[in-house]
Amino acid sequence: MKDRKPETRLVEAGRRAEWTQGLVNPAVWRASTILFDSVAEMEAANPPEQGVLHYGRNGTPTSWALCEALTQMEPGAAMTRLYPSGAAATAGALLAVLEAGDELLMVDSAYGPTRALCDTLLKRFGVATRYYDPLVGAGIADLVGERTRAIFMESPGTHTFEVQDVPGICAAAKEKGLITLIDNTWATPLFFKAMAAGVDVSILACTKYIGGHADLMLGSVTAVDAVGERLERTRRVLGQTAGPDEAWLALRGLRTLDVRLKRHQENGLAVARWLTQQPQVARVLHPALPDCPGHEVWARDFGGATGLFSFVLAGVDDEARTRLIDSLELFGIGYSWGGFESLALPADPVRTATRPAFEGPLIRLHIGLEDPDDLIADLAAGLARL
Ligand SMILES: Cc1ncc(COP(=O)(O)O)c(C=O)c1O
């Protein structure tokens, strides 16, 4: 692909004429059986490349277009595969690179179900997990043992938003011959170029900002060439695939990612900055604000901030936090994020390697596309009731 700016790539990537047939977007190609003219032709399509119709589980032009677009958003990436959710994508990526007897270095601020995968299924299949301080940076080299095979990052971290020194960690990993993976859902490839930072495998919960409308479940894994074959082999034996409706919705969402993320950023920062001025708020954990651990790394490595962050309440208990969230009118209460709407959630980080001390309970906000003045008025009324 020609050397285009990321915003242009978002618009044109994956729109091959043979897939779109003149439509601007590819149609929703629904398929299980693909019919061939002869046994010879059927056998020639096996094993299939992406781009060769073979069997529904191996995709159709709708999913291939999304895969190609996501790959082209990551300079240095060779391929992308889809999964039925972000959690499934994480499992698919880790199972592709790990074997019984391996040790995985997992960031201590990882998304809860990622931790659960390590502590249950991976453990049962003989993979040990060691959790590490999200702020360890190049010091990760000291944690690498004989059996260490891979390092998993999530930056910024779930609930606590520590920004990791991904280039530093990847450089140390390369020296030791380790595979690096990242959950890049918060920044998306628009705000953080994972492969350019040295990462081998980048995971997205497309459920969030790629879809952008809170109406689909989908995950993706984008990988460098050296990992691609293992990833695809593992996906096939696990039978992982994504429906064409989800792929189509995600592709449609991807086209407007740039304008949506910039608005999430602007609104998020307006609310976050206002929160820093409120006496009921001890701290705001937003990667673009100096109080957030790793803020300098964010300023160095990221192209922007999205709309998800946390704040710490000063001197109140969990019940007061619940009352505050329940009282909000414009913030929905529910899991996930990345849609056009604002959300609020009690955030209770689970940590084992490091225990950051907070002045009170945490609330995680997702700032949507509403007018930030309305959101601030809603939060002001809630905080005044504390
Ligand atoms: C950082 C992060 N990664 C992965 C996931 C999992 O995505 P999904 O809900 O599509 O399984 C989530 C979901 O909230 C998330 O917040």
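This is a predicted model: local features need pLDDT of at least 70, side-chain atom pairs count only at pLDDT 80 or more; totals for chains, interfaces and linings use all residues.

User: Let's start with aspartate 102. Where is the place of that residue?
Analyst: Aspartate 102 is in the loop between α5 and β2 (103-107). Helices (H or I, at least four residues) and strands (E, at least two) are DSSP runs, numbered from the N terminus. Residues are numbered from 1 along each chain as its sequence is written, and side-chain values use heavy atoms, with hydrogens and water left out.

User: Is aspartate 102 buried or exposed?
Analyst: Aspartate 102 is buried, at a relative accessible area of 6%. Buried means under 20% relative accessible area, exposed over 50%, and partly exposed in between (1.4 Å probe, protein chains only).

User: What does the side chain of aspartate 102 reach?
Analyst: The backbone nitrogen of glutamate 99, at 2.7 Å. That's a polar contact, meaning a pair of N or O atoms within 3.5 Å; within protein, one must be able to donate a hydrogen and the other to accept it, and residues adjacent in sequence count only if both atoms are side-chain atoms.

User: And which residues is aspartate 102 in contact with, leaving aside neighbours within four places in sequence?
Analyst: Val97, Gly126, Val127, Ala128, Arg147 and Arg149. Contact means heavy atoms within 4.5 Å.

User: Now the salt bridges. How many does the structure hold?
Analyst: There are 20 salt bridges. A salt bridge here is a side-chain nitrogen of Lys or Arg within 4 Å of a carboxyl oxygen of Asp or Glu.

User: Take glutamate 103. What does that residue form a salt bridge with?
Analyst: Arginine 130, with the closest N and O atoms 3.9 Å apart. Glutamate 103 lies in strand β2 and arginine 130 in strand β3, so the pair ties together parts that are 27 residues apart in sequence. Glutamate 103 counts as buried at 13% relative accessibility, whereas arginine 130 is partly exposed at 34%.

User: What about glutamate 7, which residue is its salt-bridge partner?
Analyst: Lysine 262, and the closest N and O atoms are 3.8 Å apart. Since glutamate 7 sits in helix α1 (residues 6-12) and lysine 262 in helix α11 (residues 257-276), the pair ties together parts that are 255 residues apart in sequence. Glutamate 7 is partly exposed, with a relative accessible area of 33%, and lysine 262 is partly exposed too, at 38%.

User: Which residues are linked in a network of salt bridges?
Analyst: Arg81, Glu232, Arg235 and Arg236.

User: And aspartate 165, which side chain does it meet in a salt bridge?
Analyst: Arginine 300, at 2.7 Å from N to O. The pair links distant parts of the chain: aspartate 165 is in the loop between β4 and α7, and arginine 300 is in helix α12 (residues 295-301), 135 residues apart. Aspartate 165 also caps the N-terminal end of α7, where a side-chain oxygen lies 3.0 Å from the backbone nitrogen of glycine 168.

User: OK, α7 then. Which of its residues are buried?
Analyst: In α7 (residues 166-175), Val166, Gly168, Ile169, Cys170, Ala172 and Ala173 are buried. The buried residues of this helix pack against β3 (128-132), β4 (148-154) and β5 (179-183). Just after α7, glycine 177 takes a positive phi of about 70 degrees.

User: Switching to the ligand. How many residues surround it, and which are the closest?
Analyst: 13 residues surround the ligand, and the closest are Gly86, Ala87, Asp183, Thr207 and Lys208. A residue counts as near a molecule or strand if one of its heavy atoms lies within 4 Å of it.

User: What about side-chain N or O atoms around the ligand oxygen atoms?
Analyst: A side-chain N or O atom of threonine 207 is 2.6 Å from a ligand oxygen. Tryptophan 337 has one at 3.0 Å from a ligand oxygen, and tyrosine 111 has one at 3.4 Å. Taken alone the ligand exposes 390 Å², and the protein buries 90% of that; accessible areas come from the Shrake-Rupley method with a 1.4 Å probe, and for residues only the protein chains shown count as cover.

User: Last one, leucine 369. Where does that residue lie?
Analyst: In the loop between β11 (362-366) and α14 (372-384). Leucine 369 is partly exposed at 30% relative accessibility. Not counting residues up to four places away in sequence, leucine 369 touches Arg260, Arg263, His264, Asn267 and Phe340.
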